[in-house]
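Please look at the chain shown below.

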Amino acid sequence: MASTQDAALHPRGGTDCASLCAAAPGMSSTRNKPRTPDSIPLIVSVMLSLVLVQVLVQEASAHPQCLDFEPPFKPQWHLEFCRQYEEFGCCDQKRDNMIAERYWDIVDQLEVAGHELCADMLKEIMCQECSPYAAHLYDAEDPYTPVRELPGLCFHYCSDFHSKCRHVLKYLSGNQVLQDAAERDVSTFCSILDLSDKDYCYPNVLKTPDLNSNLGQVVQDPRGCLQLCLTEVANSLRNPVLMLHSGDDTHRMFIAEQVGFVWVYLRDGSRLEQPFLDMSGEVMTTPWLGDERGFLGMAFHPKYRDNGRFFIYYSIQVDGKLEKIRISEMNVSAHDMNLADHQSERVILEIEEPAANHNGGQLLFGLDGYLYIFTGDGGKAGDPFGKYGNAQNKSALLGKVLRVDVDVRDPRGKQYTIPHDNPFIGDPDARPEVYAYGVRNMWRCSVDRGDPVSQRGRARIFCGDVGQNRYEEIDIIVKGGNYGWRAKEGFECYDLNLCHNSTLNDVLPIFAYSHHVGKSVTGGFVYRGCESPNLNGLYIFGDFMSGRIFALEEDKTTGHWKERRVCMGDTKTCSFPGLINHHHKFIISFAEDEAGELYFLATAYPSSSSPFGAVFRFMDPSRRAPPGKCKQKPVPVKVKGKKIPFVPQELTVLDTSEKPTRPPPIKFKLPTKPPATSSRVKPTTTTTATMMKKETQPRKENQKKNQNKEKVNIQMREKNLRQKSKKLIKKSKPVSGKAKTKPKTKKTASAAAASAAASAAAAAADHAFMNKTKTNLNVKSNRRKRVNAFMPRVR
């Protein structure tokens, strides 16, 4: 049996061997040698090891995977054939129809041969391509082993198939050794089709609780940590502080380094050799570890595609002493869409910085079209500036969220105007630019796009505010809000005198965590992308110092936010081509692309001159979007310079991106004439669908004969009618040159009229019969076409 199994899995010289070679569990390279007594202990040891490995695999988390080596999905449309997988699986409507077409081809062949159809069992086996565990059923989860033609069948099901339907095998697989094994005995045959992991063979895979209880949801470890995976998209960056898109449908990404360079990355992953912007000569920064100064912020105008305007935020030093933060407007080059016009800088605002830290740095446009500027409290520790600190002083621009209109200039000389609904526009003790206050050092903010369907959450602004000694916090920015600093840090008091002030009226964070968990929050984004539907609505952020990644989930009833910790998936969870499950420790920033997919930027060494920065993209390995749903049509990018292709540096979970090739489905050509049916083999069961198909598929030869007979009959009738008509007309015409004859008697005239009327009626009846015959033939033909078109999708 062992040699037969090995031959079936590895047939010599044929390509079909590849389809089943993965099904040999634990075969030894010495399998053709006789076993000696000395080899028995070794064999027992190996077998025990295999059993132990199998137990460990069964205890591990489930790993749903399709035959295209991607996670399963929920189809966009109803599946008509493999309906059991229309809620979650690996088939869209196109794949479902292809399977149905192959199924009916096989059924036709079985009908012609006079075999039992085995319709239900045949359908079950073929539909396993749609199973969310299709890769396991076909031994495709290992990229080194070719995909087999038949799914793994549990022994009891395989035995039933062998006893009732083994004649179907030749229509499912071209492997001759497998067919010979099926004719020999059931044990050999089923041992070949069995899987080493009994939980994954069909139909056990449908019944195992661990595989089906949370199918399609984000994988969680025993602690409830959401397991996500990553892909590397950029590397060799010097402290990448931000990444953003231009919103012009080009799907380019712009990555800024702390030293002042902004690079253009194209959709194919390549980087342009020449930077989009070089501000390294103006930016104030040092290579000191942890220096917060430098190029810190950038935002594209909402109408950038039309006006080419963008805004930058960076540190400068004046006369070698005075430090400031500068917010400027610039334009794209008129000659190259991938270059900025360095001569177009127009300073919007400059603010003096009393210390080297807490420089803020976020710029963004809200959905209201106004520019939001997020400043730090000025630095040092505890906001020691003035009686209440900069953050609580509404007449200072530090420690604030500012909102200005950059589309209209102030005639009094400012490069912006104040929106009419700014909250403190009429307060003489406040700067009109102030939109919110009481912030310490907000590092990375984002605008929520809103739920793709309901638009819930649209336009909310989320920020991570870095704490002092005890707490880090996440805030949602509201107009006129006081976020508590320096009176409070997180939910707790920092300055007791200010904290107990009844007029504080501060806006509490939606979430805060202590410095036992992390010491410097990095704000993130609410996921609103398409590729990972399970992540929709989760606010994902991180901590710069600890390298931890968090997620917050909103309770839509109460509005409260619950923490959902994020972990990197284990080896099994992230066993997809191109995925990694690790990243650099220091998380500098988060980003989203034009399609809403989420990224983060991290480095192994936080220095502005250290080229160890990288960009990673999140990926949910438990569920993806249906094929084609997330397809984008980017605007072409005109590239004038050289492109540098992306070369990944991180080791992927699978050390190869090679995908095994699957043998194409066997195609059968129906014979023009049915072969002689053996009297011993007769069809015993016929499904309703098959009966429909038989009734609506008369033989083409009979159709042609009937059509030819009808045409001959019609032609003969028409010929006879024409002859009769000519005779009548000839008799009724007078003969020239002869005297007019006497009119016939009344009886004779009426008889002639009756004869003519009868002839006309007969002609009309023949024409009606001819049209009816043609119509009936067309109806039969059309009905056959409609039924045949419907049959692959019959329920």
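What is the handedness of the link of cysteine 82 and cysteine 127? The link is left-handed, with -80 degrees about the S-S bond. This is a predicted model, in which local features need pLDDT of at least 70 and side-chain atom pairs count only at pLDDT 80 or more, while totals for chains, interfaces and linings use all residues. Residues are numbered from 1 along each chain as its sequence is written, and side-chain values use heavy atoms, with hydrogens and water left out.

**Disulfides**

- A disulfide is a pair of cysteine sulfur atoms within 2.5 Å, and by this rule the count comes to 11 disulfides.
- In the disulfide of cysteine 82 and cysteine 127, the sulfur atoms are 2.0 Å apart.
- This pair links distant parts of the chain, 45 residues apart: cysteine 82 is in the loop between helix 2 (39-59) and helix 3 (93-113), and cysteine 127 is in the loop between helix 4 (119-126) and helix 5 (134-137).
- Helices (H or I, at least four residues) and strands (E, at least two) are DSSP runs, numbered from the N terminus.
- Cysteine 82 counts as buried because its relative accessibility is 0%; buried means under 20% relative accessible area, exposed over 50%, and partly exposed in between (1.4 Å probe, protein chains only).
- Cysteine 127 is also buried, with a relative accessible area of 0%.
- Cysteine 493 and cysteine 499 are joined by a disulfide with an S to S distance of 1.8 Å, and their link is left-handed, at -55 degrees about the S-S bond.
- Cysteine 493 is partly exposed at 30% relative accessibility, whereas cysteine 499 is buried at 10%.
- Cysteine 530 is joined to cysteine 630 (S to S 1.9 Å), and the torsion about their S-S bond is about -80 degrees, so this disulfide is left-handed.

- An open sheet of 4 strands has the order 11-12-13-14, with antiparallel pairing; two strands pair if DSSP finds at least two bridges between them.
- Strand 11 (362-365) and strand 14 (434-437) are the edge strands, each pairing on one side only.
- Strand 11 and strand 12 (residues 371-374) run antiparallel and are joined by 4 bridges.
- Leucine 363 has isoleucine 373, in strand 12, as its bridge partner.

**Aspartate 451**

- Aspartate 451 lies in the loop between strand 15 (442-447) and strand 16 (461-465).
- Aspartate 451 counts as buried because its relative accessibility is 16%.
- Apart from neighbours within four places in sequence, aspartate 451 is in contact (heavy atoms within 4.5 Å) with Arg456, Arg528 and Asn536.
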